[in-house]
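Take a moment with the sequence and the model below.

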Amino acid sequence: MQVPTLSSNANEVTLDLVVKDKKHKPVLDLKPEDFVVTDNDVPVKLTGFRFLSGNAAESGHLVTLVFDHFTGPTAKVVQVIALKIIKMLPSKGYSYTVLDIPGRLRLIQGFTDHNTAADAVKILTEKAAADRTERIQLTYTGGIVRREDEADPTVTKAAADAEKYLIAVARTGADPSGTHVDMKTRAEYQTLLTALQESQKVMQDQHTFPNLAGLLALIQSQQKMSERKSLIYFTQNMQMDSAGKEMVKTITGAAGKAGVSIYIVDLDAMNSEGRYQMVNALANSGKAFNPAPIPVSPYTTVIPNQQEGIAGVQGTPSAQGAVWGEKQDVAQMADFQRNGFDFKALAAPKNPMADMAKDTGGLYIDAQDSVKRPLEQMLQDMTTFYEASYIPPIQDYDGSFRTIAVKPVNARLDIKTKTGYFALAPGAEAGIRPFEVPLLRLFNQSNLPQDVKFHAAVLQFGELPDGNTSTVAIEVPISALEINKDTHSNLFTAHVSVVAEIKDKSGTVVEHFGENISKRGAVEMLQTDPAASIILQRHFLAIPGQYMLEAAVYDEQGLKAGAQRMVFEVPQSQASPALSPIVLVKSVDAINDDNDDPLEPMRYEKGKITPNLVGLIPAGTKNVSLFFILHPDPKSSEPVTLEMEASRNGHPGRRAPLPLKLNSAESAVPYLASFKGSALAPGAYEVKAMMTQGGKTASQELSFTVQGDRLTPGSAAAGGYGGGAVGDLTATSEANDTYSGGLLAITAVTNPVTPPEPEEIEKVLADARARAVGYTESLPNFMCVEVTNRSVDASGTGNWKHRDTIAELLRYRDKSETHTMLEINGQPSTEDRDALLKQKGSTLSGGELGGVLKAVFAPTAKADFHWKETDALGSGTVQVFDYSVAKDNSMFSVVGSNGVQLMVGFRGQVFIDSATHNVRRISLQAEGMPKDFPTQASVMGVDYDYVVINGHDYLMPISAEVRVRQSHHQAVLNTIEFRDYKKYGSAMKIVDFKPVENQKQ
């Protein structure tokens, strides 16, 4: 089914105008002559203008409700305000979507009416309102402890059902029961699905908070929706660092482009007035200020040290301690001000997102105060407005962003509306990103540029459960691109922008794909893997008919472009039995569960197929694989057989059967076959697959070339066959690993993600060891903000309570790191780190800058590594190893509350980047502690990612976790984040720290 766009800019641009006077009162008698509209600075004439009050615009009004995580009385306040908002809005023309952000953007209810939206809000807040304790559950991912809010089964089920419905409608056009929805509804749900997917990507790519990533993704996805749009965000404790505030600016700009008005309902759990008085007292009274002490609990943790490996720090029992000492006074305030600390902003009770609400035509509501009047104003803004339309002065739909300005003739008027739109051809999505604009312009040229050579294909897989499915695949060889080699990190970077559009016979864009891709790898990979490439692949649904693929690639570093056009046809539903075209496999990568698409057509078991579009196999390649999809006749009871035969240089082999295990209900069966044994000999190969059922046979053929100019000694085709002919192609099995009559076999693949060869494993470990041991030497001088959230579970039953949040300035200079205290629980502090550690029941971690890496990879550790699996991490793959270090070789010590220091062995996992051979994740778990020792368990994990510092990419810690369990079952959890990396000496302004989010990484 072809899905129409919801954009209205093909013929007319529609504007919603909220007009107020200088006293912020609505203007009810505006006339067209009272204002001027310009489109890209060109005045336009209105084709329509009307005043609306109490009803939604003709195209409808979408209200998106987004909730942070709330508990106790605050959750009850949230419920009351949210239900009041829903109740006071008109019932006609309004559609509601309810989401929350428990570590990720999550759908609770999509596109519904008043009553159902109110029910969704109740589900989300009822149990939270009754629960006054913060409960956290620990999960293990890759050997690292992860923390997330304990799930309410009712909310979890509601979210699971809503997202199941969302995926079904967006992918198939029918709900889980099989009932089809109309095209407009499907397009709406596709928009919402895009928001959920993009929020994860924004959070990972930009290392930002889940709530900010979720808001940005939601707003960007709504760019293509023609309804009037309002987003109401219920939040609390929104303190931010400078990076967070920059993201707020990005969200504000995106909201202006999408025409989304943002309303912030601030339910800060802290007493904002009391907070202001405390800071004001410090700033103005000249007297010391001692707030009530913060309760702490006795515990012991593990501290990694970069110079000496892992060392223990003792924590002694105490009922309570104090953050602020008696000597803290105005002199400390002056010291913070000299270091750029903004106390006025810290003391301000207003949420940092308040300006975003104002700048998008929305409203900031402080729930600490009376909400009656602000809610009345919100109602007025959302139900009292003008609607204007005009024909845009567009000569060419080039995809560029066109600005809209509405200027009142009378300066006493304030008019709010969206700030622009994208000039797109009919049918194109409106969510065009800036990097796509110049590539879209290339499609208007009759002679397409050819400066970047790449390969493009449309791979058609026929009728799958969600419809007639094809995949657009674009492969850009690294050798065709400008390469940036960084001598600081010994890494290379290739950077391309890719855009592809599918157009139907009338020229309407039915599918649009775009990606800004940066590929990073070790410099030596350029020699060891000459076939390395950047690949974009996206699947889509299409009804039978003729289509055109237009694809463009821009080399961001070489400043050159290439583009292609190709016509293809989606045939009518094929008769059963049928085979899809055979795809030559470049690689099979492990699927990241967080980004798993169950409808991905090129999925096989737990792997995702990456196609080889070039048709060239490097000499010496082993395990060449082929992928295709079988379509047996589900109505037939006849058995299905599959046979394959291959030829090399025109010399055919014998047809041989392959094993099949089919479910009678299956109408589409993915299949992966492979040439097993040694590397294939150089030459031209042709492979044919034949599926037979009930006397009918379907077949497909594929040609490819193995590079090289002579037979490789020991290769599968060497010897025994005159002229190098291919031998019998006989399937092998686990029970019988032999085959008769030949030296070449095609077999069915049971485990698509195959282990690396032993020599490759050794290479990965050797490179990782060299990089880990020399890690601290490779680091530049820098500084960043380190934020530690500390939680305690007194009973060891999973009833975690957040204790405090500590923010420090981490400086790294001349291979040495120092910490300066900035805040404790959001309050400025100059507490010395060592002094804090000496306080009763206090602990902090350190040494993430190389200490844990040396503890595992130093030659003296003699770590025993065992390859476990290939896994997905972020947008790439990693090789996962289990390891252990014996006590005699260990640098890992634990200090108990009794003062005894114990050296222990340890084990864990390391995740090594397949492309760069750098460690991306590492975990350590103490072993062999005596039963009578105060500390019974100690686990630490660190995640690393690439951060730009002074124009270069460096692998830096981005998060870490430490967990310790005492013999009396008390447990401690520290979660650490590293933010706002800058070159040492850069101007850094530290304002308003946001506590570490409870999220699953």
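A residue is called buried when its relative accessible area is under 20%, exposed when that area is over 50%, and partly exposed in between (1.4 Å probe, protein chains only). This is a predicted model: local features need pLDDT of at least 70, side-chain atom pairs count only at pLDDT 80 or more, and totals for chains, interfaces and linings use all residues. Residues are numbered from 1 along each chain as its sequence is written, and side-chain values use heavy atoms, with hydrogens and water left out.

Start with strand E34, residues 625-631. Strands (E, at least two residues) and helices (H or I, at least four) are DSSP runs, numbered from the N terminus. Seven of the seven residues in E34 are buried. Both faces are covered. Ser625, Phe627, Ile629 and His631 lie on one side. Leu626, Phe628 and Leu630 lie on the other.

Which strands pair with E34? Two strands pair if DSSP finds at least two bridges between them. Strand E38 (residues 669-676) pairs with E34 in the antiparallel sense over six bridges. There, Leu626 has Ala673 as its bridge partner. Strand E30 (residues 583-590) is also antiparallel to E34, with two bridges. Leu584 is the bridge partner of Leu626 here. Strand E29 (residues 578-579) runs antiparallel to E34 too, joined by two bridges. In this pairing, Ala578 partners His631.

Now turn to charge. Side chains of opposite charge can pair when their charged atoms come close. A salt bridge puts a side-chain nitrogen of Lys or Arg within 4 Å of a carboxyl oxygen of Asp or Glu. The structure holds 23 of these salt bridges.

One of them joins Arg104 and Glu163, at 3.1 Å from N to O. Arg104 sits in the loop between strands E6 (94-100) and E7 (106-112), while Glu163 is in helix H3 (residues 153-172), 59 residues apart. Is each partner buried or partly exposed? Arg104 has 31% relative accessibility, so Arg104 counts as partly exposed. Glu163 has 14%, so Glu163 counts as buried.

Another salt bridge joins Lys503 and Glu550, at 2.9 Å. Lys503 lies in strand E24 (residues 491-504) and Glu550 in strand E27 (residues 545-555), so the pair ties together parts 47 residues apart in sequence. Both residues are buried. Lys503 and Glu550 also belong to a network of salt bridges with Arg565.

Finally, look at Arg655 and Glu643, whose side chains meet at 3.5 Å. Arg655 counts as partly exposed because its relative accessibility is 38%. Glu643, at 23%, counts as partly exposed.
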